[in-house]
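These notebook entries set out what I looked up in the structure shown below.

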Amino acid sequence: MKQALEPIVVAELDSLGFDLVELRVGGSKARPILDVRLDRRDLQPVTVGDCERASRAIEARLDEM
C-alpha cells in the first residue's frame with residue numbers, strides 16, 4: 001500500500017512547495033492512518049498551518065480515488 005500512496009503524497013506535497021521526509025502507513029483496514037513528515041523547500045520551520053494544508057490536499061486527492 002505504501003508504494004501506491006507515496007507518488008500521490010509526493011505530488012500533492014510538491015504542488016504546495018514541500019518535500020516528503022517520511023511516510024508511514026498504520027492503523028487498521030477499516031481506519032487507515034498515514035503519518036506524513038515533511039519539510040518546507042524554503043527552509044523555514046514547518047507550521048501547523050502547513051500541516052493542515054498538506055493534510056487537506058492529500059485527503060482530497062485520496063478521496064477522489
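**Entry 1: the strand pair**

I looked up G27 and found that its bridge partner is P32, in β2. The model is a predicted one, and I noted that local features need pLDDT of at least 70, that side-chain atom pairs count only at pLDDT 80 or more, and that totals for chains, interfaces and linings use all residues. Residues are numbered from 1 along each chain as its sequence is written, and side-chain values use heavy atoms, with hydrogens and water left out.

I recorded that strand β1 (residues 18–27) and β2 run antiparallel and are joined by 9 bridges. Two strands are taken to pair if DSSP finds at least two bridges between them. Helices (H or I, at least four residues) and strands (E, at least two) are DSSP runs, numbered from the N terminus. β1 and β2 make up a hairpin, and 4 residues lie between them. As background, I noted that side chains in a regular strand alternate between the two faces of the sheet.

**Entry 2: salt bridges**

I counted a salt bridge where a side-chain nitrogen of Lys or Arg is within 4 Å of a carboxyl oxygen of Asp or Glu. The count by this rule is 10.

I then examined R61 and E12, which form a salt bridge with their closest N and O atoms 3.2 Å apart. This pair links distant parts of the chain, as R61 is in helix α2 and E12 in helix α1 (residues 2–16), 49 residues apart. R61 is partly exposed at 30%, whereas E12, at 15%, counts as buried.

The side chains of R41 and D19 also meet in a salt bridge, at 2.9 Å from N to O. R41 lies in the loop between β2 and α2 and D19 in strand β1, so this pair ties together parts that are 22 residues apart in sequence. Both partners are partly exposed: R41 has a relative accessible area of 41%, and D19 has 34%.

Next I checked D42, which forms a salt bridge with R40, the closest N and O atoms being 2.6 Å apart. D42 is partly exposed at 43%, and R40 is partly exposed at 22%. I also recorded a network: E22, R24, D35 and R37 are joined into one by salt bridges that share partners.

**Entry 3: the largest pocket**

Which residues lie nearest the centre of the largest pocket? They are L34, V36, S55, I58 and E59, from a lining of 13 residues. The space in this pocket is about 330 Å³.

The search used a 1 Å grid over the protein atoms alone: a cavity is a set of points where a 1.4 Å probe fits but cannot get out, a pocket is an open set with protein on both sides within 12 Å along at least five of seven lines, and lining residues have an atom within 4 Å of a point. Grid points are joined across faces, edges and corners, and a volume is the space filled by probe spheres set on the points.

β2 (32–40) and α2 each supply at least two residues of the lining. α2 gives the most, with 7 residues. By type, the lining has 9 nonpolar, 1 polar and 3 charged residues. Here Ala, Val, Leu, Ile, Met, Phe, Trp, Tyr, Cys and Pro count as nonpolar, Asp, Glu, Lys and Arg as charged, and the others, Gly among them, as polar.

**Entry 4: single residues**

I looked up D50, which is in helix α2. D50 is buried, at 6% relative accessibility. Setting aside neighbours within four places in sequence, D50 is in contact (heavy atoms within 4.5 Å) with F18, R40 and P45.

E64 is also in helix α2 (residues 48–64). E64 is exposed, with a relative accessible area of 63%.

Last, I turned to L43, in the loop between β2 and α2. Most residues other than glycine have a negative phi. L43 is not a glycine, yet has a positive phi of about 65°. At 77% relative accessibility, L43 counts as exposed.

Key
Buried < 20%, exposed > 50% of the residue type's maximum accessible area, 1.4 Å probe, protein only.
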